[in-house]
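My entries follow in the order I looked things up.

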Amino acid sequence: MSEDSDAEKTEPASPRRLEKAREDGDVPRSRELATFTVLMTAGAGLWMTGGTLAGKLGQALHSGLSLSRDQAYNPDVLIERITTDLVAVLLACLPLAGLIMLVALASPILIGGWLFSSKAFMPNFMKLNPIKGIGNMFSANALIELLKAIAKTLVVGIVAWVVIMGQKEAMLGLALEPLNAGSAHVGELMAKAFLFIVGALGVIAAIDGPYQLWHYNDKLKMTRQEMIQESKESDGNPQMKGRIRQMQREMARGRMMQNVPTADVIVTNPTHYAVALKYSDGQKGAPRVVAKGIDEVAAKIRELGAEHKVTLLEAPALARALYKHTDIDEEIPEKLFSAVAEVLAYVYQLRAYKKGDGDYPDRPAKLAVPPEMDPNDPAYKGPGSAAPDNSNGALH
């Protein structure tokens, strides 16, 4: 793939990119949807509570205008009456105002959800760049906003014209109605016109909502190089991680090598495998593997063992079985108890001989290693296998 295609933003935004955009106060928003929900709530609220609200406002107006001459010139009475009427007006408007405020606060849940970001309040001097501002005026997004404004004007204008023309006869007949009935009828006609016009905005909101979601996700798309760079920053450089793993292995190997001089015996293959065993008098449980390795590590184990005068015993089948079925600092498997017991008995007899107590022991001729434990045996059924090795055991 060419470099140009690699530079194209073809990959969807990663969770980290979406999270960072949210931290910066950048979330999808649809002003048309928010405006529609608030206006529709206000219209529906007026439709349901308009009669009660108009009655209470009328009472407050009547109370404010029905003052005697003495009351009008008495500051104490005038202030008390005005305060009472204002409280009555506020209480009458409170349910509708509270409903509108609640919907205004809840409308962001529809797209983007609630968000408070202090970064959105920080000054951004790049927005004062005139060149960038002129570029934004002629951008695709500016064209979309212009088309939306034209569409809103046309939709609202057409719907308003249709509604007004449909109620023309009723509006002309208002002059013949009594004052109270005519006032109520005016309110009903205005509420109907308001709901129809705001309902028309729902068409714009239904289109703008999905568009804003698509535009937001398209804006945050990433190039392949950005995806790779983010993966490196999140997960770490693969080369660095490999280096860390190598250092961890070397440290673990160093700790393992420190245990080799404490071993009782090192069972070898003779060159491919080396397993160091330790069993102290009074120890609970079976003998443990204190070190093991193959090839170069096995050679280092044998070298350290010879340097610290640890007994080395060539037993290919046992070495392979111990290496395959036991990890560092683990007890040997139960199936190998008999073979390891024979090895340790030989080691203890050899130590006694070196101290001048007893005869030189015979090297174990054939250790009882179950065929299913030896990776080189045809009867072995475990995972993996070792390279064939036909070397015979010999004491070092």
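**Lys221 and its partner**

I started at Lys221, which counts as partly exposed because its relative accessibility is 28%. For my own record, buried means under 20% relative accessible area, exposed over 50%, and partly exposed in between, with a 1.4 Å probe and protein chains only. Lys221 makes a salt bridge with Asp218, and the closest N and O atoms are 3.8 Å apart. The rule I used is a side-chain nitrogen of Lys or Arg within 4 Å of a carboxyl oxygen of Asp or Glu. Asp218 is partly exposed too, at a relative accessible area of 32%.

**Ground rules**

I'm working on a predicted model, where local features need pLDDT of at least 70 and side-chain atom pairs count only at pLDDT 80 or more, while totals for chains, interfaces and linings use all residues. Residues are numbered from 1 along each chain as its sequence is written, and side-chain values use heavy atoms, with hydrogens and water left out.

**Whole chain**

I noted 14 helices and four strands in the protein chain. Helices (H or I, at least four residues) and strands (E, at least two) are DSSP runs, numbered from the N terminus. Of the 396 residues, 29% count as buried. The accessible surface comes to about 25900 Å², and 62% of that belongs to carbon and sulfur atoms; areas are by the Shrake-Rupley method with a 1.4 Å probe, and for residues only the protein chains shown count as cover.

**Lys148**

How many salt bridges are there by this rule? I got 11. I then looked up Lys148, which forms one with Glu32 at 4.0 Å between the closest N and O atoms. Lys148 sits in helix H7 and Glu32 in helix H3 (residues 31-65), so the pair ties together parts 116 residues apart in sequence. Lys148 also meets Asp208 in a salt bridge, 2.8 Å from N to O. That pair links distant parts of the chain as well, with Asp208 in helix H9 (residues 179-219), 60 residues away from Lys148. Lys148 and Glu32 are both buried, and Asp208 is buried as well. I wrote down the network too: Glu32, Lys148, Lys152 and Asp208 are linked by salt bridges.

**Nonpolar patch**

Helix H7 (residues 140-166) gives the largest share, 10 residues.

**Arg302**

Is Arg302 buried or exposed? Arg302 counts as buried because its relative accessibility is 18%. I placed Arg302 in helix H12 (residues 296-307). Leaving out residues up to four places away in sequence, Arg302 touches Thr268, Pro270, Thr271, Tyr273, Ala274 and Leu312; contact means heavy atoms within 4.5 Å.

**Strand E4**

Last, I checked E4 (residues 311-314), where Thr311 and Leu313 point one way, Leu312 and Glu314 the other, and all are buried. Strand E1 (residues 265-268) pairs with E4 in the parallel sense over four bridges; pairing takes at least two DSSP bridges between two strands. Val267 has Leu313 as its bridge partner in E4.
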